[in-house]
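Please open the model in a viewer and keep the selection panel at hand.

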Amino acid sequence: MDRAAAAGPGGPAGDGRRGRPAEHRGRGESTGEGSGRPLPDLHALELLVAVAETGSLGRAAARLRISQPSASARMRTLERRLGLHLLDRSTSGSRLTAAGAVVTDWARSVLAEASALVEGAAALRSRQEHRLQVAASLTVAEELVPGWLVTLRERAPEAHVGLTVTNSWGVVEALRRGECDLGFVEGPRVPDDLHRSAVGRDRLAIVVAPGHPWSRRRTPLSGQELADTPLLVREPGSGTRETLEKALRRYDGIAVPVLELGSTAPLRSAAARGVAPAVLSALAVREDLEGHRLVEVPVDPAVALHRTLHAVWPKGRELPEPALHLLRAARNR
């Protein structure tokens, strides 16, 4: 048995291509899965089509802005890879062989598909670049984000925004998990691993039904009265709850709530029915106060119920362009 046969098609004497040593494969050659031959270079196919259209390798090289020696080398490589004679060259020009004409038709199809792939990838990349995922706490999402998005639409009409509504702690966690690009929170504390930028001010309002005894108060509620009264409040983790707890910490904290929920609407409704006083964002109850469905109870100014609303995003992470536009819209309103 001779040495080549003993080595076999995949042995050290060859790489399965008629004994051609593996270390001599051309750089950049790509193969289809399970293919016995390397795939042709797209630039070589483009050159072949140009030769067919110009009738000359030199003119095709000029069209593609490459040197004629480079064009000749590229064409020889294509013929070698395909195992076909594609061009008849003469002093008057280059003419496709019968095989060359068939391959040229296939090459046009391949180049058209490759062009569609590149254009499709560019469109996909553009959509990704203009896609903005935002997480916002409930009050900010309901009362402020819609107006900001109108401004964003004017400044960056190509932007596509996805909005997740959660509480302030949920916004922080979504940012840490990389689930959103930009967040908006209403709590008094922003974790150290996040950048923050003030985008507005808000305050908590104590609201009751028009028939509630507090609706006729002339003197402000003290912090102790507020701390001792069972209230309708937002759930732990919300910026509203955190602001209230911080304000009443000096009075031993809040009493056991009558009801705590992750949504503002049912708390407003319960307060309007006279269930108990509610502590909610002044922004969220503005229409109820104007419509006299609720009455705001004055509170001692020493009770710190004001808060700053913040845009937040992770440190070390650049904001995408749509996020910068939205941040500017939020700051300027």
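At what angle do helix α2 (residues 42-54) and helix α4 (residues 68-82) pack? Select both: the angle is about 110°, and their axes are 9 Å apart. Axes here are lines fitted to C-alpha atoms over the stretch in contact, with angles running from 0 to 180 degrees between N-to-C directions. That angle makes α2 roughly perpendicular to α4, a term covering 65 to 115 degrees.

This is a predicted model, in which local features need pLDDT of at least 70, side-chain atom pairs count only at pLDDT 80 or more, and totals for chains use all residues. Residues are numbered from 1 along each chain, and side-chain values use heavy atoms, without hydrogens or water.

Next, display the side chains in contact (heavy atoms within 4.5 Å). From α2 these are His43, Ala44, Leu45, Leu47, Leu48 and Val51; α4 contributes Ala71, Arg74, Met75 and Leu78.

Now move to helix α7 (residues 145-155) and helix α13 (residues 321-332), which pack at about 130° with their axes 9 Å apart. The two are therefore oblique to each other. On the α7 side, select Trp148, Leu149, Thr151, Leu152 and Arg155; on the α13 side, select Pro322, His325, Leu326, Arg328, Ala329, Ala330 and Asn332.

Finally, select the whole chain, which has 13 helices and 13 strands; these are DSSP runs, with helices (H or I) of at least four residues and strands (E) of at least two. Of its 333 residues, 40% count as buried, that is, under 20% relative accessible area with a 1.4 Å probe.

Terms used. Angles under 35 degrees count as roughly parallel, over 145 as roughly antiparallel, 65 to 115 as roughly perpendicular and the rest as oblique. Buried means under 20% relative accessible area, exposed over 50%, partly exposed in between (1.4 Å probe, protein chains only).
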